[in-house]
Structures are given as structure tokens and as C-alpha cells.
Amino acid sequence: MQEAEMALARPLTFAERLWFRYSAQIPDFWLYCHNILFLFLIFSVAPLPLAFIDINNSKSLSKYKLQPKIRLPSHAIFKCYKDVMLMFIFIVGPLQLCSYPTVKLLGIRTGLPLPSGWEIFFQLLVYFLIEDYLNYWIHRLLHCKWGYEKIHRVHHEFTAPIGYAAPYAHWAEILILGIPSFVGPALVPGHMITFWLWVALRQMEAIDTHSGYDFPLSATKYIPLYGGAEYHDYHHYVGGQSQSNFASVFTYCDYIYGTDKGYRYQKQHLAKLREQWGGEQNGEAYHDPSEDQKSK
């Protein structure tokens with residue numbers, strides 16, 4: 001540790017001391033493999049609370065469900081989890097391992113000094129913006145006739161998505177959409193800790209947008225241009241013929257290229273109908289209140 005302080009010509013910060021103690025005896029390859037562990041843990045734990053809410057049909061929280069008439073039984077949720085875990089084991093895990101030489105070649109470092117908080121923030125912002133832009137166009141291409149029928153339809157088996165269905169997809173889609181995730185770190189390489197955060201946050205964001213719930217006090221509502229669960233849920237609700245809301249994180253691409261017009265029209269139309277019929281806004285995101293009146 002004294003050698004590290006001499007090399008930096010300053011004392012190590014508390015965080016740097018922790019990192020030095022942890023990483024000094026661990027090969028870079030095994031540090032990189034932490035990504036796989038993070039993916040397994042986040043995917044297994046993060047969607048659990050909402051899965052329990054769905055299974056128990058909590059009345060106090062059901063009003064925030066975007067498609068309340070569609071509820072999956074516990075065995076269907078478990079099957080989704082099992083299928084995705086198999087995909088992680090046989091596709092995502094090996095892909096992560098095989099990409100290690102590329103990560104080293106790109107210059108993602110593991111040593112000291114650690115990046116500052118602002119450096120991490122701006123690098124993550126670049127990663128999100130680049131991945132979001134590339135993901136938009138790939139996702140849009142997957143909605144062409146051949147791409148949807150051969151590949152993307154698997155992901156759309158869940159017309160009312162759940163957190164565990166975020167990475168539920170054809171193996172080819174997993175590989176294709178994995179590419180944009182590496183472009184940002186390739187163009188703006190940073191520290192391994194930044195890369196860990198990028199993988200973890202991107203996974204958590206995907207789970208959030210597929211959660212099927214729109215909570216009014218969600219912290220993500222304060223992120224500018226963030227799409228969120230309601231935005232992406234509409235894309236699943238419309239289904240295979242959807243030509244709207246292709247963006248994975250932010251909404252700027254859909255707005256610039258005009259692929260959010262159907263979504264915005266639907267929101268405006270339903271807002272007027274709810275005002276007219278006195279319908280609830282939460283828990284009926286795509287439900288036309290006038291249909292209830294007609295059925296009476």
C-alpha cells in the first residue's frame with residue numbers, strides 16, 4: 001500500500017484503501033467475472049417484491065399495475081425465471097467470459113487511482129446514451145416482419161411484462177442487443193468499478209421498465225427523458241404490430257423519429273375519456289373507460 005501511495009504521490013483515500021485490499025490479490029479476469037455474479041443476483045432479487053405483489057394480488061398496490069386484468073400465476077413467473085436463468089448460464093455467461101480479452105484490449109483498468117464520482121457519472125451517462133441510441137435502431141429493425149417472426153416475438157410473449165421477463169428473449173436477440181452495451185465502454189473506457197456499475201444499472205433499468213407497475217413516487221420519474229414502466233409497457237401492450245416506443249431507456253429517439261405518436265395520442269385520448277367518465281388513471285393505463293359504460 002505504501003508503494004501505491006508513493007506512485008500516486010499522495011495518501012490513498014478510504015475507498016482506494018478498500019479497493020487495494022480487495023483487488024490486490026485477485027487476477028483481473030476474476031474481477032471482471034464479478035459482472036456475471038451481479039447479473040445473477042440482480043435478476044434473481046430485484047424483481048421479487050413485485051412478483052410477490054402479483055401473486056398475492058395486493059389491493060393497496062394493484063391500483064398501480066398498468067394492466068391489472070392480466071396476472072400471471074406463480075408457476076408461470078417461475079418458468080420465466082427458469083428460462084432466463086438457463087439463457088444466462090448458456091449464453092450470457094459464456095459471452096461475458098469470452099469478451100474479457102476485448103475488455104482488456106479496450107483499456108478498462110483495475111488499478112489505482114479510482115475514478116472520481118463525477119467521472120463515473122459522466123461515463124455512465126455516455127454509456128446509457130450510446131446504448132440507448134443503438135438499441136433503438138436494433139429494436140426497430142427487430143419489428144420488421146422477418147425480425148419479429150423469427151426472433152423478437154419471443155420477447156413479446158409477455159403482452160403485460162413482468163420484471164423477470166426483462167431479459168426473456170430469443171438467444172439471437174440476447175447476442176444482438178448485447179453489442180450496444182459494449183460500445184460505450186469501448187469508446188470511453190473507464191475503471192472496472194464503472195463497468196460493474198454500468199452492467200448493474202442497465203440490468204436494473206430493464207427490470208424497472210418491464211415491471212408492469214407505475215408507482216407515483218418512483219425515483220426514476222425525476223430522471224429527464226426517462227421512459228419508465230408505463231412507456232415501455234405500452235409497447236408490449238400493442239404487441240407485434242407496434243411501431244411505437246422502441247427506446248430502451250430514454251424517449252428522445254422516439255420523439256425525434258416520430259415513433260411515439262401513437263403513444264402520445266393514446267395518452268391524450270384516454271385522459272379526455274377519463275375526465276369525461278371519471279375513470280381511474282392508475283391501474284388502467286390503456287383501458288378505455290367508455291367501454292365500461294357501453295357494457296352497462
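**Figure 1. Eleven salt bridges are found in this structure.** A salt bridge here is a side-chain nitrogen of Lys or Arg within 4 Å of a carboxyl oxygen of Asp or Glu. This is a predicted model, in which local features need pLDDT of at least 70 and side-chain atom pairs count only at pLDDT 80 or more, while totals for chains, interfaces and linings use all residues. Residues are numbered from 1 along each chain as its sequence is written, and side-chain values use heavy atoms, with hydrogens and water left out.

**Figure 2. R10 meets E16 in a salt bridge.** The N to O distance between their side chains is 2.9 Å. E16 is buried, with a relative accessible area of 3%, whereas R10 is partly exposed at 32%. (Buried means under 20% relative accessible area, exposed over 50%, and partly exposed in between, using a 1.4 Å probe and protein chains only.)

**Figure 3. D28 and K104 form a salt bridge of 2.8 Å, N to O.** This pair links distant parts of the chain, 76 residues apart: D28 sits in helix α3 and K104 in helix α8 (residues 100–106). Helices here are DSSP runs (H or I, at least four residues), numbered from the N terminus. D28 is partly exposed, with a relative accessible area of 25%, and K104 is partly exposed at 37%.

**Figure 4. R71 and D54 meet in a salt bridge of 3.1 Å, N to O.** R71 lies in the loop between α6 (59–62) and α7, and D54 in helix α5, so the pair ties together parts that are 17 residues apart in sequence. D54 counts as buried at 6% relative accessibility, while R71 is partly exposed at 24%. Look for K65 too: D54, K65 and R71 are linked in a network of salt bridges.

**Figure 5. The second largest cavity holds about 60 Å³ of space.** A cavity is a set of points on a 1 Å grid over the protein atoms alone where a 1.4 Å probe fits but cannot get out, and its lining residues have an atom within 4 Å of a point. The volume is the space filled by probe spheres set on the points, which are joined across faces, edges and corners.

Note on methods:
On a 1 Å grid over the protein atoms alone, a cavity is a set of points where a 1.4 Å probe fits but cannot get out, and a pocket is an open set with protein on both sides within 12 Å along at least five of seven lines; lining residues have an atom within 4 Å of a point. Helices (H or I, at least four residues) and strands (E, at least two) are DSSP runs, numbered from the N terminus.
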